[in-house]
Amino acid sequence: MKASYPVRHAPPHIAVMGGGIAGMVFAARAAELGGKVTVLEQGDDELYRCNTRYTGGAFHLCFHDIDEPAEVLAAAIKTSTAGFASEALTGAIAADARHAVRWLQTQGIRLMKTGPDAWRQHFLAPPSLMQPGLHWQGRGGDMLLRTLRRNLEARGGSLLRGARVVRLLTAEGRCTGLEYERGGRRATIEADLVMLADGGFQANLDMLRQYVSPAPERIKQRGAGVSRGDAIRLAEEAGAALAGMENIYGHLLCQDARHDDRLWPYPIMDLLAGAGIVVDRAGRRMMDEGLGGVYMTNALARLADPQGTVVVFDRAIWEGPATEFILPANPYLPLSGGTVESAGSLQDLATRLGIDAAGLAHTVKAYNAALSQGTASALSPPRTGGGARPILHAPYHAVRLMPGITFTMGGISIDGHGRVLRADGAPIPGLYAAGCCTGGFEGGVHSGYVGGLTKSATISWRAAAHALKPA
Ligand SMILES: Cc1cc2nc3c(=O)[nH]c(=O)nc-3n(C[C@H](O)[C@H](O)[C@H](O)COP(=O)(O)OP(=O)(O)OC[C@H]3O[C@@H](n4cnc5c(N)ncnc54)[C@H](O)[C@@H]3O)c2cc1C
């Protein structure tokens, strides 16, 4: 076949770094379009760990159905990211998410509806969100990776496990291949193009400290925790610009998840915190809880001590909002062994928690008064959104919080075809990137989350077509 860029091999040789959804969608589609594809995956195991294998499986865009009109999706992305998402990525993903997901179905990947909500219309099957804790074998993300790998191999491609990519080869400003380490040895692959898809930098404490949190060791890995920022480093060395490095995607977890695997990745404390208040040891509110769980996770991660807060709520919240959403805190937190502190008065609750009782009493009084007067947005910090409930009815409860990181939102700058961009906006020939090692789409002042699976699959699906389309 003839490609739309100068190639040294026929068929074009393609090397892919990382075997998650971003790497495997690109690999399987590039092989389908005639490329000779090798995927380098650092994991040794047949079922190597990665976030795709652990995923909940919902293809959505800002919790909208991917089949909604592209302009509705684009507007939702703009609102959720407070204008941060690049026009190019927004337009590409809003228009093509549905096509990428349909293509997955043509590959034999099963999708299902899991409820009437817009975001539940395209879930990987079989579903994984059936009980708290981590359950992935034979579930949606695992089956997706097994299917794409089978298809890749049927088209002459290969996946090399235990191969960590360590260097890019470049010549005259273009990427010409890569070097990897396997079994203590180094080897190179010459390629007409390289796709970087290593999943982000959530497992790199130095990078987290540089960009996200003063105390990253006090953030819980809420995913596979295998991505160490290698792709970002390699792309930067090749001249790439980075975007949006300061935000993460994750959720609020009960602190007991530090040592109890029944308590992560679910249940999450987001709705509980969105109905009650999050306070520090002085009993002071720390953030606008109305901006959602991903925002609060980022806010906690930025504190000097990310494990220094609790969510305080009352009986009405526990019996109301705490019972909503997927695998909610009530009943799954106590059922899974998580601690809910309870007391007949706020004073006793503060004593149990070791926080300042007078400070907590003052905060709750001001918060309740603002809610009843409709002045919550004038509180400091303000309280926005419609989820706030007063804290009035004993018993009073609290859960100690910690931020859980699933993936980092920032990374390599790309365009809507997945081409890696320099600071001046020019693409680096021969170099593509997709998935959670890329930036410029999710984030912004409110840490807006759009959807990890949809962004990863759509850009990879587009990138393969762009790279391999006949000239
Ligand atoms: C519990 C959980 C629930 C989730 N639920 C949802 C959901 O419902 N909807 C949604 O949209 N998103 C969800 N996500 C997020 C989604 O799963 C991720 O955004 C997506 O899977 C990321 O894909 P990726 O290919 O970028 O990274 P990954 O799947 O993490 O793959 C990256 C791969 O690169 C490999 N790698 C790293 N470094 C190297 C190297 N140097 N050389 C070679 N290989 C390397 C890693 O080993 C890994 O296999 C969830 C995630 C988790 C953990």
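## Helix α3 and its buried face

Let's start with helix α3, which spans residues 70-80: its buried residues are L73, A76, I77 and S80. Viewed down the axis of α3, those buried residues sit within an arc of 100°, so they line one face of the helix. The spacing makes sense of this: an α-helix has 3.6 residues a turn, so residues three or four places apart point the same way. Bear in mind that this is a predicted model.

What lies over that face? Part of the cover for the buried residues of α3 comes from α4, residues 87-106.

## From β6 to β7

Now for the strands. β6 (residues 164-171) and β7 (residues 174-182) run antiparallel, and seven bridges join them. To get your bearings in this pair, look at L169, which stands opposite G177 of β7.

The hairpin of β6 and β7 has two residues between the strands, and here E172 is the one to check: its phi is positive, near 50°.

## From β7 to β8

β7 also pairs with β8 (residues 185-190): the two run antiparallel and are joined by six bridges. A handy landmark here is Y180, whose bridge partner in β8 is A187.

The hairpin of β7 and β8 has two residues between its strands as well, and G183 takes a positive phi near 60° in it.

Technical notes:
Residues are numbered from 1 along each chain as its sequence is written. This is a predicted model: local features need pLDDT of at least 70, side-chain atom pairs count only at pLDDT 80 or more; totals for chains, interfaces and linings use all residues. A residue is buried if 20 or more other C-beta atoms lie within 10 Å of its own, exposed if 12 or fewer, and partly exposed in between; C-beta atoms are placed from the backbone. Helices (H or I, at least four residues) and strands (E, at least two) are DSSP runs, numbered from the N terminus. The arc is that of the directions from the helix axis to the C-beta atoms. Two residues are in contact if their C-beta atoms, placed from the backbone, lie within 7 Å. Two strands pair if DSSP finds at least two bridges between them.
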